[in-house]
Structures are given as structure tokens and as C-alpha cells.
Amino acid sequence: MEHGTDSSNEVPEHMFMSSELYVAAFEGRTETVAGLLTGSHGLVGAAAQKRRPSPAAQGTEIHPGPCCSTREVTAERSTLLHLAAARGHVDLIAELSRRDISLLSSQNASRDTPLHFAARAGHADAVEAIFLLAGDSVEEAGLWGVLRGKNQAGDTALHVAARHGHAAVVEALMKLVPELASELNDAGVSPLYLAVMSRSVRAVAAIVGYSREASAAGPASQNALHAAVLQSSDMVSLLLQWRPTLATELDSNRSSPLHFASSNGDCSVIEDILTYAPPSTAYMQDSEGLSALHAAALMGNLPAVRLLLQHHPASSDIRDKHGRSFLHTAVMKGHCSIISDVMKNPMLDCLVNEQDKEGNTALHLAVLAGEFKVISKLLSSGKMQLHIMNNDGHTPSDLIENSTGFYLMVRLVVKMFIYGAQFRPQRQDHINEWNGQDIMKWREATSKNLAIVSTLVATVAFSAAFNVPGSYGSDGKANLNGNRMYNTFLVLDTIAMTTSVMATILLVYGRASRSRRSWQGFITSMHFLWLSLISMMLAFFEATAAVTSDKQAMKTVLYQLVYLGLYILINVLISLAMPGSIAGVLQFVVGGFSKQQRGLKKRISRQYPFGVIYASNMLMFIVVNTIAIAAMDVTGNLR
């Protein structure tokens with residue numbers, strides 16, 4: 001049988017390895033295997049008859065009679081030596097090689113040799129045994145073929161050992177055949193790259209320690225250092241000491257290992273690269289024009305940004321192919337920590353109002369990205385020039401019209417107004433009202449749901465009037481009639497009933513009319529609905545307190561629970577819905593005291609009327625809730 005033939009060829013029936021031989025080889029029973037091969041351990045009975053070749057095959061039989069052969073294989077054409085190598089049975093390897101030396105170079109269906117099997121399983125002693133046996137019994141050319149043989153994927157035994165992180169095997173192979181470290185498999189990947197990916201520092205150290213000519217190639221034109229910066233700082237140090245030029249090699253995207261390290265943010269790795277690599281490494285740009293500083297800013301790695309600027313402050317001038325600095329990059333990704341750091345560094349003041357190729361400053365890009373926190377950081381620094389126009393003639397304020405979210409639009413309008421941001425010069429009759437299609441759709445869906453809620457509140461409030469706390473007496477009157485808390489309950493329940501009905505009517509009318517003025521009804525209905533919910537909450541407390549025992553402690557606990565719940569709820573809603581600070585929103589609604597602010601307010605009212613309405617109603621919401629809290633205090637004192 002010729003080993004290494006195509007795996008599609010079927011194994012002849014009489015060449016399949018017998019179960020007794022397979023089990024003995026797997027378990028490493030050398031004497032049993034030897035007996036089966038010589039026939040002294042013999043097969044008996046039906047098993048022997050099954051193993052006996054047919055008369056037609058007598059001319060080509062490999063093993064006459066009941067004895068087995070060293071040429072028997074598994075379904076994947078693995079020989080006895082493959083099995084012994086995979087299990088690390090050194091004595092059996094020696095016995096099989098003595099009987100049939102050609103087994104050392106045999107290949108299975110995947111073209112793996114026994115050396116591949118031993119390396120994959122991590123048996124360093126088996127690898128050394130195969131090497132010694134090959135050296136003693138095979139001529140030099142044959143020896144080199146055994147040790148350098150590649151499988152179907154183009155992997156040598158060193159590739160296999162490195163891929164699985166078997167450091168002891170890698171060390172053994174590097175001592176015996178250091179030339180293997182220069183071989184690449186069919187994917188163009190070196191053993192060193194695979195050792196890095198296995199996270200075995202010992203395997204990496206073995207390869208770089210025994211061979212100065214080892215290849216570091218990886219996929220997509222990467223080298224081992226590209227992979228190491230994401231794995232281990234110890235590997236990075238080893239590779240840089242071995243070959244510092246790895247730091248300047250670029251992958252298919254023209255990214256250097258420093259790009260990888262900066263995007264990952266491990267400062268110890270960045271420090272090592274900056275120490276060993278030439279200064280030009282920090283200035284390398286990828287296919288998009290991004291430097292390592294850009295990569296760190298993209299990922300929000302502030303310590304990495306600081307470290308890169310500390311070593312190479314001039315790298316802050318690097319622009320990508322869109323003309324954007326690392327500050328522009330950080331702004332678009334919303335990394336406030338980096339922006340704050342830049343604003344505090346006087347050496348980077350030149351970046352604050354720097355424009356890209358489209359004329360956009362950092363503030364322009366922040367508005368386009370809808371990064372409100374970033375906008376706040378930029379404006380609060382006091383360094384932004386708010387009148388700068390981009391190539392399309394738009395100031396940052398003009399770009400608010402591109403906002404698709406209603407709440408974001410309102411927040412941006414309020415924030416820009418507070419800081420006096422300018423709009424581009426424009427005829428007032430050419431100003432188009434903000435196209436809030438999303439808020440229109442939101443109102444349609446929300447009004448339907450609110451109408452259901454208001455109807456339920458009205459139903460509950462109506463039912464409560466006929467299921468009063470304390471029930472009714474025989475005369476048909478409430479037992480608690482005249483009780484102060486009961487009377488308060490009736491007032492609050494009446495308010496809840498009335499306001500919920502009014503909210504329902506306004507919501508139904510708004511959905512039916514679909515006019516622009518229906519917005520006013522929608523907002524008013526929300527105030528009525530909120531008032532009804534608060535009234536219902538307070539009515540619940542009064543009803544509970546009215547039927548509770550006269551113990552003051554119990555009523556105090558109930559009061560505190562309701563009061564605390566209402567207080568927390570109101571503050572959470574205000575913090576979530578408020579488009580700015582209360583002082584800022586008040587300033588926006590009032591319109592300012594200077595002529596410039598009043599003119600800006602008119603400009604905003606023409607383009608963003610919904611924003612002004614929303615801000616005004618938020619102030620009303622605060623007033624209503626302040627009254628509710630005060631009412632809670634009053635009712636608490638009446639208990």
C-alpha cells in the first residue's frame with residue numbers, strides 16, 4: 001500500500017486495522033502488539049476467519065493467516081505508529097519503527113505524519129523518540145522529509161505544536177530542527193504567530209530563542225507582534241527584544257502593532273513599543289489616515305491618549321484622510337473624558353476650533369452625532385467659537401435641524417441658546433419649521449395609549465365614589481361622613497375624576513382633528529392626566545388613613561411611604577424630561593434680557609416652535625408638582 005494517497009480512495013477490506021490491534025496500540029501494550037504482528041498472540045475462531053483474505057486476494061495478501069500487519073490502517077488511513085505517537089507510547093514507537101521504518105514517514109488521509117500526531121498531543125518525549133529513530137535509520141534526505149513534512153493544511157509539526165500551545169514540544173523541535181521556524185503553512189502563517197495566538201509565552205520564547213531567522217508572518221499581512229499586543233505584555237517584550245523592526249511592519253489595512261495596542265488601551269504594551277520602536281512608529285497612518293492616537297481616541301482609551309501625547313506630543317497634528325484630528329474622532333464617538341483632557345491642555349488649544357476638510361469643527365461634528373454630553377463639555381470650556389461656518393455655510397446651531405429625535409432637538413436648542421450660539425444669516429421668511437415627523441408619529445401612538453390610561457383612571461375614580469372607605473350605614477350615608485380625612489378623600493377623588501375625563505376628551509378630539517392646534521390639546525391633556533394620577537395617589541393615602549386605627553405611628557408610616565414615593569417619582573421624571581437646568585430652561589422660556597437673546601429666541605421660535613412649547617410645559621410641570629408636594633404636606637399635617 002502506498003501511504004499518502006488521496007483520502008477519497010477507499011481502504012481495502014483486508015487493510016482495516018483489527019479491533020484487537022487498535023485497542024492494544026491505543027493502550028500502549030507493546031508486547032501484545034508485537035504478538036499480534038507475529039501471529040504468536042493469534043486471532044482465533046470467527047475473528048481469524050474474518051481476517052483471512054479471500055482466495056482472490058491471495059496473490060496480493062499482506063499478512064497470510066491470522067497474524068496482523070504493520071500496514072493496517074484506520075478509516076482515516078492512520079497507522080499503528082500514528083496511534084502510538086498520539087498517545088505518547090515511546091516503547092511502542094520504537095518497536096514499530098524497528099519492524100517497519102517506513103512508518104516514520106507514513107501519512108494519513110490528512111497527510112499527517114506520526115510526528116504531527118505526537119506534536120498535536122503535546123508528547124515531547126515521543127517527538128524526540130521519532131527524531132532519534134529517524135536519524136538512526138533513514139538517510140539524511142529521508143530524515144529531513146520526515147521532520148519537515150507538511151500535512152494537508154501545509155502545517156509542519158512545529159505549526160501543530162505551536163497552535164496548541166505545547167511549549168515542551170516546541171522547545172524540543174526548535175532544539176532539533178530550528179529551520180522549521182522559517183516555514184509558512186498554506187495560509188501564510190508562521191509557527192511563531194500561532195504560538196502567540198496560543199498564549200504560550202514559553203513557546204514564543206523557545207522559537208525566538210533558538211532562531212534569529214524565524215518568520216513572524218501571520219494572516220492579512222500581520223506579524224506576530226500584531227497578535228501579541230492583544231495577548232500578553234511579556235510576549236511583546238520578547239518579540240521586540242528579538243526583532244524591533246516588527247513594530248514598523250504594517251498589515252493589509254496599513255495598521256501597525258501600535259495601532260492595535262492603542263485601540264486595546266494596554267499602556268504597558270504601548271510603553272514597550274514606544275521604547276523599542278523608532279519614533280516614526282507613532283506617526284504611521286493606516287489606509288484611512290488614522291494614527292495610533294486616533295485609534296486610542298476612537299476607543300476612548302484616555303490613558304493611552306495621554307501616554308502617546310507624552311512621548312510624541314507632535315503627533316496631535318496628524319489628520320486622517322477627512323482632515324480630522326484625534327479630537328474630532330473622540331467627539332464623534334462621544335468620549336467625554338478625552339474631550340475634557342484636551343480642553344485642559346493648553347498645548348492642544350489649536351485643535352479646539354480646528355476644521356476638517358468639510359469645514360466642520362469639533363462642535364459641528366458633536367451636533368451631527370447628537371452627542372449632548374460632548375456638546376456640553378465643549379461649550380462649558382469657553383474655548384469654542386460658535387459662529388464658525390463649515391463649507392456649506394452652516395454654524396453648529398444650524399445643524400440642529402438634522403436631529404431626528406424630538407427630545408435631543410429641544411436639549412440642543414436650549415443649550416445653544418444659553419451659550420448664545422449664532423445661526424447663519426438667512427431671510428426670516430425662508431426659515432423652514434423643523435420637520436418633526438418622528439414626534440408626530442410618537443404623538444399619534446402615545447395619545448391612543450394615554451386615552452386608555454385616562455379612561456381607566458376615570459373609571460377607578462368613579463367607582464371609588466360608590467365604594468367609599470368605611471362603607472355606608474343603614475341610612476344610606478357614609479359611616480365616615482364628617483371625618484376630615486374622608487372629606488379630603490372625596491375632594492381628591494373628584495379632582496381625579498374630573499381631570500381624567502377632561503384628558504380623555506382632549507385626547508380623543510386631538511386624534512379626530514389631527515390639526516396643528518391639536519398639539520395644544522395633547523399637551524394640556526397630559527397635564528390633566530398627571531394631575532389626576534397625583535390626586536388618585538393622595539386620595540389613596542387619605543382613604544387608607546381614614547379607616548386605619550387611631551394610632552399616630554401607623555398613619556405617620558403611611559404618610560412617609562406615599563410622600564417619599566411621590567417625591568422620588570417627581571424628581572426622576574423631572575431629571576429625565578428636563579432639557580437642561582431649571583435656570584437654563586427658565587432663561588430660554590423668558591427669552592433673555594438682552595436684545596441679542598430676544599432676537600435669538602424669535603429665530604428659534606420660528607424654526608423650533610415645539611421646542612419652546614416643550615420647555616414652557618416642563619416649567620409648568622415643575623410648578624404643578626411643587627403644588628402637589630405642598631398639598632401632600634398639608635394633608636399630612638391634617639391627619
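In the protein chain, residues 24 or more positions apart account for 74% of the contacts (heavy atoms within 4.5 Å) with a separation of 6 or more. The model is predicted: local features need pLDDT of at least 70 and side-chain atom pairs pLDDT 80 or more, while totals for chains, interfaces and linings use all residues. Residues are numbered from 1 along each chain as its sequence is written, and side-chain values use heavy atoms, without hydrogens and water.

Begin with the whole chain. Its secondary structure comprises 31 helices and zero strands (DSSP runs numbered from the N terminus: H or I of at least four residues for helices, E of at least two for strands). Of its 639 residues, 50% count as buried (under 20% relative accessible area, 1.4 Å probe, protein chains only).

Next, select residues 201-210, helix α12, and residues 233-242, helix α14. Their axes (lines fitted to C-alpha atoms over the stretch in contact, with angles from 0 to 180 degrees between N-to-C directions) come within 10 Å and cross at roughly 5°. Helix α12 is therefore roughly parallel to α14 (an angle under 35 degrees). Display Val201, Val204, Ala205 and Val208 of α12 against Asp234, Met235, Leu238, Leu239 and Trp242 of α14, which make the contact.

Then move to residues 582-590, helix α29, and residues 595-607, helix α30. These helices pack at an angle of about 85°, with their axes 9 Å apart. Helix α29 is therefore roughly perpendicular to α30 (65 to 115 degrees). Gln587, Phe588, Val589 and Val590 of α29 meet Gln597, Lys601 and Ile604 of α30 in this contact.

Key. Angles under 35 degrees count as roughly parallel, over 145 as roughly antiparallel, 65 to 115 as roughly perpendicular and the rest as oblique.
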